[in-house]
Amino acid sequence: MENFWTTLLYAFISMFIIFNYGMVLGGVVYKIIARVHGRFGPPVWQPYINLVKVMGVRTAISHGIMFWLGPVFRFTGGIGLFLFMPVLFGVPWMQNFSFSGDLLLVIYFIFFGQLGMALGAAESGHPYSPMGIMRGLSQVTASEVPFALAVIALAAQHGTLSITEIVAAQQGGIANWNIVTNPVATLAGMMAFLGMMMHAPFNLHIAPQEIPIGPPTEYQSNFLSYMQANRAFFASAKLILFMNLFFGGATNIPVLVGKTFSLYMITVFIGVVNPRFTLENSIRWFIRIPTVTGIIAVLIYTF
Amino acid sequence: MVNPIYIIAVLLGIGFILPLTEKKLSKLGPWVFYAGMIFTALVSYQWFRFFIVSGGETYHIFTAGVKPPLSINLQIGLFESVLLFVTNLTGLAGAVYMTKQISETGVRAMVLLLLLLLGLNGLILTRDIFNLFVFMEITAISTYSLIGMDVKSRSLSAGFKYMTAGGLASAFLLLGIIIVYSLTGTLNLDGMIRSAEGIKNVKLLSIGSMMILFSFIIEAKQFPANGWALDVYEGTKPGVAGLISGIGTTAVFFGFYKIMPLFTNETLKIVMWAGLITFFFSNLMGMKQENVKRMLGYSSVAQTGLVISVSAWSFMLGNDKLIFPMIVLPLLFNHFFTKTGLFWIAGLVKKDTTGLWGSITENKILHGIFIILILALSGFPPFPGFWGKWNLVLAMSLDSNFFYIWVLLAGSLFEAAYLLKWAGITLKKDKSKDILEYNSYKMLALQIVVLIFFAVTVYYFMTGNFDHTNGGLHFYLPFALGTGLLLLPFIPEKLKGMISMSVIAVYAFYFLPDQNGIGRFFNAMFLSGGFFLTFATLNRKDRSRSFYPLLMLMLGSLIALVNSDNILHFFFSWEIMTLSSYFLIHRGKGSAEESFRYVMFSLAGAFLMLLGFAYSFPNLNGQMSFGIFAVPGQFTSLSFILISIGFLVKSAALGLHLWIAGSYAKAEDDTSAFLSALLSKAGIFGFVMLLLAMGAPSAGKFDLAYILSWIGALTALIGTMMAIYEEDAKRLLAYSSMGQVGYIILGLAIMSGLGWTAALFQMVNHFLIKGILFLAIAGVIYRTGTSEMYKMGGLIKKMPWSFTAVMFGIIAISGVPPLTGFGAKWLMYEALIEKGWYLQTGMAFFASTVAFLYCFRLIHAIFLGQPKTEFRNVKEAPAWFLIPQYVFIMAIFFFSIFPRVLIDRISAAVEPFFGKSLTWDGNTVISSLGYWNATAVMTIVGVVFVVLAIGLFIKLPKVQKVKQFNIVFAAERPETPELTHFAYEFFRPYRRAMGWMVRPYATRFWRSVTESAYTVSDALRKIYTGNGQTYIFHILLVLVILFYISTGVK
Amino acid sequence: MIKRLFSFVLLTGLGFVFYYALTNITASRELTGVSAEYAERGAAELGAANLVTAIVVTYRGLDTLGEVSVLFLAATGIAVLLRRKKGYVQARSEDKRGSSEILKTGTDFLVPIIVMFGVYIFMNGHLTPGGGFQGGAVVASAVMLQFLSNPSYRLNHTVFGFIESMSGFFYVSIGILGIVLAGGFLDNRILPLGNFGSILSAGAIPVIYTLIGLKVGTELAGILDNMRRDA
Amino acid sequence: MELQQGIFILMGVAMIVSSIVAMYVKDLVSSVIAVGVVSLFASILYLILQAPDVAMTEAAIGAGLSTLIFLYALKRTRDTEEEND
Amino acid sequence: MNIIFLIGFALMITGFWGMLTQKNMIKIILGLAIVETGVQLIMVAFGFIEGRTAPILDSAVPVKKAVEMIVDPVPQALVLTAIVIGVAVNALALTFIIKMYQKKKSLNITEYRDLKW
């Protein structure tokens, strides 16, 4: 906050980097999934193509103001989440606006976009929208539990809720990473991470087969472009968050890419080899194994 | 001064001569009769004034010109004069009441009444034990005759049972008298009492006094030797029953009271417990009653038992001179007037079953009197019964007799249960018609009694331990406002609402600036909330006179609660608040059951609180300041637990939450906002006071604050969980409220500066949000006429303002940045983690994510999705509702951007107790763990949002707007929009997975508690078989039991 | 049967109570307390030879007034309960067997004597055993005799009622006179105590007892009349 | 003294027997009479106990009038005639 | 003198027995009358002093020596009242029975159980 304009400029730079990183990451993942399935797959830059394509669509319909604002909420949520996090440890221009709040702010801001989107989609009047939202929200509440417990364990471990300080405490080699110093919390957090990334087996709410028409098809044109762009931000932001929390953070971009990519791959691979859970099953799963793990993590610091 | 012997002489003389007027002078009879009655009333008034005003000295009357103990003497002192006065006045009223019956029966009925009065006066005046017996017989025989006067089979059989009981009682009284006489050589009470101590033959003396005691136990209708009494109350005409229950019982009691000094402490102890047992069991059995008069009979018996019990205890302590006016008299008067009045009301209603009393409302005055009497009888303030019980509980606690208090309060709860249930029935109109049997004489008599009762009430209210100099104003305020508004029946309702608002505003203007500390937040919240929520009530169109008075009573009592200086003030306001809110809830449609549940839970909580006070009270001699909790004593933790339960009930903590959904949902829509936004904070205020005074004691190994934190966390989680499955918007919000208040409790339990800051911040937040949400929902319900969410849908187009309000409300409540809800959550988690309560943190976090589910459901099911055909033409909610909502929204935004304004003040209030916990760097608040800059967050989010919105607007200038129903299913359109609104049982899969969390364990538990209470009640009352012989058996059984207890032989 | 068993057990318990009392009763050997004072002062103070009368009429006069009221009340209560509804036509049973002439004559002869005897009893209450109540009962028995001998005999209610009311009223009035003229309510010394042992002694006691006798007699007669009426 | 004791016992037995008879005899008239007998014995006892006033009262009122009232009541509870209300 | 007390108590017990076991209401009142007689007997017995005379002062009992010669007059006075009151109550009770009989044609107390619980 020394210099407002500098901060702003830095924020734009980091946003630009992360946007492109997120888009490419998405493309790579498509490719990988296709290869695993035995297909050739789309090119890596397919997300850019998609984005340009949907932006070019002229017809767009709106069901009302909330419908219209839904993608705005969503995109704000994605960008905001990213902006409230420090991206690279010790790199001044990659700190974004992390002075605004600590870990709690970041966690809670995840909901901002989801809630807004949910409101917008629900106004479409299509019954599948609320169904999808219901599934998504239900699952989030379950997966947040182990995550929250993991975060609490970290806060207890480091005596702080500031992400920067948590990352700082992990500097100096793998031995200081939380995955080593606090494996139980990391385990709980990573299991929650699977759910939060919304890949299989926890992707019922976006299940394209069962719900052919949901928010993505009610929204056209720029609405959709906002949502796709947001996906890049949102996914990367979450990856960065987990990297910061459990895997020592990153001090430069290659490390960042390496760590986040690996993290993403974990979810992708698990998703590829697993069938989809029904909603009840995934909720039950989250409040059993991951939650118990989380509770153990927390109990370690309670006594 | 007219010698009181003239009362006896005149009554008797007139009684003797009246039969002469039967034939020829029948016109003259009534005149002579009433003249005699009025004469007695005047004479007793004269003495009453002499003692009350001039403080005269006790006066003795010797008959036969010889000094006692040779002759019989009478005595009139302060207490006698008071009792004489009310007895004779009520007797006069009774004569008026029975005018019709008297004129039907003829002059002999007058004789009976005159002699009844004679007997009662004699009972009160005499100081000779055998004379007492004679007057008791006179009373009894005139009562028998009055009972049998209507020559109905029921009254005859009741009278016969009474006579057998009375015969036994007098036989044993004679036996006792002669035994005691043979030992003491005198019949004079004072002489007996004096010489009783020196008697060598203690065993015989104890037998003698036990016989006397026994006979009074029968006459005073003590359990279980009282089956006949209940039959009498049920079978007799209400006019007579009222007299028996009121003046009859009082005089018999006073006779008993006079003899009590004769008994040893062991015997008195038996009397004390016997009376309490009567109180407890009679009330328990009363719960199952549906016959009005029998129910009153049970209550009457119970009250007598209590009064006797307390009197015996006072003699045990040797403190009777003080306890009589402080405890016995208020209890007695409370019983006396209410019971007389209620019996007489029963005489104006044709139906005997409580369930058929619905249309008593046809007569507003009668109904008002009825309600007031019921409340007085249930022991609510400001009636004498309240003062009596309050003083009793505290005095008992000084005697360390806590078990007594438990039983006493349990009995009181039973009594309140059946009385309030009955009152509740009459508050609902039903189809029964013409149940009133209007009779102006009866009305007049009733009004006389009620007027005296009011005078007594005012007297006790004015002298009732209130510190009038210090903050006393607050305690008159609710009543002044309430009654003031009630007495203005002819002005329009809207004007009343405006008057209420202006009073609040003026009060706040003069009052708030002088405030400081934590109380200020509550005051500010109650006053501002009261002001704006009252604004919403101006939308009302119905002409209901009781709404604004009750509302003002509730708000006033909340203010009084916050400003109370001591536990009496506190409890007094608490009870008034409970009561007024009960009636407010009861106003809603179909709310009878729910409001009853509410008031029963609240009362039970209040009684436990009272118990808690009692456990702490002995710690500091005689003071009632909150300071008594700071003094550690033997029972500190128990006291803390009990008081906490009282507050937990009001906060609807888990397990004690059964009332919340129903009463919030069934209350009128604008009232629900008051309940959730304001009333739910009363329990919080209680905790604030309690924790400040007491800290957090530990019970054995358990840190009570820690336990409290779990209660708070579980309440937050389960409350939220229950909210997501509700179909009814108001029930959903009610459970949401429960969950949110759970957070506040959790915050307070942390007992750190940060925790309290969090709790108070959350409280303000919750107040604003629930104000918005309940009012918005009220507006929706007002327009659509339903509160079932799935029946609505798509209302965003019709009610955009309401939608926006709800949207801000849910964003704030769910804790999503940038609105205030996040601030509350942030403070809470920081505090919890700082404290090291990680599991609770996790649970609170879980609860807050679950909250999204109901938030979304609320807004989706009502405003989004497909609109319904029948609501195609609904309009936006009225401005009366919208304006307060937007005021609150503005407040939320203000606090969201500048939370420092609020947090700084809260910290300042909390600092004196817990020290500094937060530091500031510009707009960034820094705790020991983390930091938060609300202004920056708001700015960033706002800027990004606006930029993106503008971007979208530029890119999509021409969006094709379609109707809501423009959706496609695989290229087909479903025909009815109803089918496509996915809202019913919205979270079904979630329920399948998580439903085990909300299994109704608490409901089942409380249901089984209630059911077993009723079962016991029903089983127990079966001992009253209606067979006179069984009653004789009971009576003799009591004698034998009494004997074996008192002598403790073999 | 179970009821009898319970009753038996209960009364056994009660029997123990009484037994306990019985074992603790010691026969009195001398007058104590008030009774000694009555014995010492009674005769001189009130001038009544029969101490029981002195106690009943004066010392504990209020009790006696109450007693009279009780009787009066009972009579009133009985009258109220057995009152006939308006318009009730008495079913005259014609076949009631009239009493024999001898019985009637005997009755006519005996009644005045019995009444005189009763009057004697209450007039001499302060000297000999007996008094208003006993005398009243005797007077009532005269009426009873009338009823027995002549089933259709009807009481003259006007006269009886008048006597009943006025005797009661005068009784109370004498009581009040006691306050005005002597030491207190029902003080018998409003009249001179007279010669101890003579009929016109003991102040107002004979007067009071006479009034009581009249009152009790008429009341008892009234009760009997009510009870037997219209069978 | 022995004699007096003997009389007491005799009369006591008589009283108790007649009261038991009063309770158990089927015929109500007999039972009323039996109670009257109890009273009569009582009045004799009073006389022995130097209570002539009480004895007279008991004889006149307890034994005499009371019995009569009972008998009247008995008579009226045997009537079949009924008040029409 | 205990024999009188014994008789009194025995009478009371008998009376109670009757009241508890006899269903006929008249017998119940008769039982009550027996109880009363017992009580009265006991009362008089309390005033009795062996070897003394009735409390009537005449030639045989000079005023001066009355204290040593007479039995206690007070219980007698009380019993006098008690007897009259007892009879009054019994008469009233019988009236009740008469009226009850007229309603239900029964003297059995178990028939009159409309009021209960």
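1. Take the contacts in chain B between residues at least 6 apart in sequence: 81% of them join residues at least 24 apart. Bear in mind throughout that this is a predicted model.

2. The overall dimensions of chain B are worth a look next. Its C-alpha trace spans about 115 × 60 × 55 Å along the principal axes. Even so, the radius of gyration is 32 Å, which agrees with the value near 31 Å that a compact globule of 1050 residues would have. Of the 1050 residues in chain B, 66% are buried; for that count, a residue is buried when 20 or more other C-beta atoms lie within 10 Å of its own.

3. As for secondary structure, you'll find 39 helices and eight strands in chain B. One of those strands, E8 (residues 960-961), comes back in point 6.

4. Now to the partners. Which chains share the most contacts? There are six pairs of chains in contact, and A and B come out on top. On the chain A side 67 residues take part, and they meet 66 residues of chain B. Several elements of chain A each supply at least two residues to this side, among them helix H3 (65-83), helix H4 (103-123), helix H10 (221-246) and helix H12 (279-302). Helix H5 (128-158) is on that list too, and H5(A) gives the largest share, 15 residues.

5. What is the side of chain A that touches chain B made of, by class? You get 43 nonpolar residues, 19 polar ones and five charged ones.

6. Strand E1 (61-62) of chain A is another element that supplies at least two residues to the side touching chain B. E1(A) pairs with E8(B) in the parallel sense, over two bridges.

7. Chain D is another, and its closest C-alpha atoms to chain A lie 74 Å apart.

8. Chains C and D do meet each other, though: 17 residues of chain D are in contact with 19 residues of chain C. On the chain D side, the residues divide into nine nonpolar, two polar and six charged.

Conventions: Residues numbered from 1 in each chain as written. Chains lettered and ligands numbered in written order. Predicted model: local features only at pLDDT ≥ 70, side-chain atom pairs only at ≥ 80, totals over all residues. Contact = placed C-beta atoms within 7 Å. Helix = DSSP H or I, 4+ residues; strand = E, 2+ residues; numbered from the N terminus. Nonpolar A, V, L, I, M, F, W, Y, C, P; charged D, E, K, R; others polar. Pairing = 2+ DSSP bridges. Rg over C-alpha atoms; globule rule 2.2 N^0.38 Å. Buried ≥ 20, exposed ≤ 12 C-beta atoms within 10 Å, placed from the backbone.
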